[in-house]
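This briefing sets out selected features of the structure shown below. Points are grouped by topic.

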Amino acid sequence: MSSPPENGTTAQPPFLYPSSIKLIFAILYTAIISLALVGNTLVIYILYKKPETRKLTSFMYVNLAVADLLVTAVVMPQSLELIILDQLWIDGAFGEFLAKFIMFVFFVAITASVFSLTAMAFDFFFGIAFPMQKFPRFRNKKILIPTIWITSMCLMTPWLVIIKVKNSRIVYKFSQFGGIQAALRGEYLYIIVAIYLFPLVTMCILYGHVCRTLYKHKLPGIAINNRATTRANATKRQVIHMSIAVVVAFALCWLPAHAYHMILAINFRVRQSLPYHFMLFCYWCGHANSAVNPWLLMYFKKKFRTAFRKMITYPLPKISFASKNIENAGSITNLPIRGPIVQGTEHHQSASSV
């Protein structure tokens, strides 16, 4: 979503970005693409390789990581390409199909990412507010995950109609839905409410209730144990910090883009008075949320940090331990033949098994 919407049947007039703007955004997009690819791939890999982390919330993390990877692999390169090539696009039926596909994937992935965060907030809320109830229908991953993606696709189908390509430019024909200004206002308000305000308010309410519940209520049976009390308080603080971080990251990353949408909805002509790179920066901030999410998860979730450390550090002690056993086994085999021969054999087997 790098070019502004088209208000008629003609394509957007050519616009040349300064070389400095191209260089800056090439660096910025390269940074978030690298962080998002590594972070989201690690989240999926850890959940796949570590069965102890596979819970319902973990599947939602995978769903979030998949959505963020779609944004990283499809949307970010397209946004960078439009900046480098000054908004030029491929003409013809294939160019229009590709533009529709990329923009549709973008909005579906963003919506699925936001809905995954909201679903995790609901799961968290149910676990704290109703700990004795399982909510099998909501917590059934075979139902919840397809529902998130199908709902996201249905909500974003208007973009398959709006996106067109004319004169090597991607144009947005809002006029198909009525008057230009009314259609612009309706579409942008729809985006703001559907994938920003409504999920944000919902997450704030749910996480606010969770934080209030954790602060007010003490866990049963820990009043007489100072160590358990300290540990429980530390866990509560970690939960609250993670909750606040997730909501704040989502709100801050997407605030500039949706503020820009609000400006367009109120008065589209205001866009002409804004610096053109302002729009680029707004959308870059939103894309950056796909790079922030996995690293927030790594930072706040102890199981993920532990699995990440083991994945990185495990080969080193394994090699050193094996080499030490081989050396010990070699020294034992040099002992006199008085019964320790069996010990030497056992050590050789131990070293080979490691």
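In this predicted model, helix α4 covers residues 141–155 and has 15 residues.

- The buried residues of α4 are L144, I148, W149 and S152.
- Viewed along the axis of α4, these buried residues fall within an arc of 120°, and they therefore line one face of the helix.
- An α-helix has 3.6 residues a turn, so residues three or four places apart point the same way.
- The other side of α4 carries the exposed residues K142, I150 and C154.

**Overall architecture**

- The protein chain contains 11 helices and 2 strands.
- Read from the N terminus, the order of elements is α-α-α-α-α-β-β-α-α-α-α-α-α.
- Of the 354 residues in the protein chain, 45% count as buried.

**Transmembrane annotation**

- An unreviewed UniProt entry lists residues 23–47, 59–77, 97–122, 143–163, 188–208, 239–257 and 277–300 under "transmembrane region".
- In the model, residues 143–163 are 86% helix and 5% strand, with the end C-alpha atoms of the span 31 Å apart.
- Residues 277–300 are 100% helix and 0% strand, and the end C-alpha atoms of this span are separated by 34 Å.

**Nonpolar surface patch**

- L35, L37, V38 and W295 together make a nonpolar surface patch of about 330 Å².
- The element that gives the most to this patch is helix α1 (residues 19–49), which supplies 3 residues.
- V38 is located in helix α1, and its relative accessibility of 45% is the reason that V38 counts as partly exposed.
- The cut-offs behind that class are under 20% relative accessible area for buried and over 50% for exposed, so a value in between is called partly exposed.

- G92 belongs to helix α3, which comprises residues 92–129.
- Because its relative accessibility is 45%, G92 counts as partly exposed.
- G92 and N167 are 75 residues apart along the chain, while their C-alpha atoms are separated by 9.4 Å.

Technical notes
Residues numbered from 1 in each chain as written. Predicted model: local features only at pLDDT ≥ 70, side-chain atom pairs only at ≥ 80, totals over all residues. Heavy atoms only, no water. UniProt positions renumbered as here; feature names shortened; annotations may be inferred. Helix = DSSP H or I, 4+ residues; strand = E, 2+ residues; numbered from the N terminus. Patch = residues over 30% accessible without salt bridge, like charges linked within 9 Å, V, L, I, M, F, W, Y side chains within 5 Å. Areas by Shrake-Rupley, 256 points an atom, 1.4 Å probe, with all protein chains shown as cover. Salt bridge = Lys/Arg side-chain N within 4 Å of Asp/Glu carboxyl O. Buried < 20%, exposed > 50% of the residue type's maximum accessible area, 1.4 Å probe, protein only. Expected span 1.5 Å × (residues − 1). Arc of directions from axis to C-beta.
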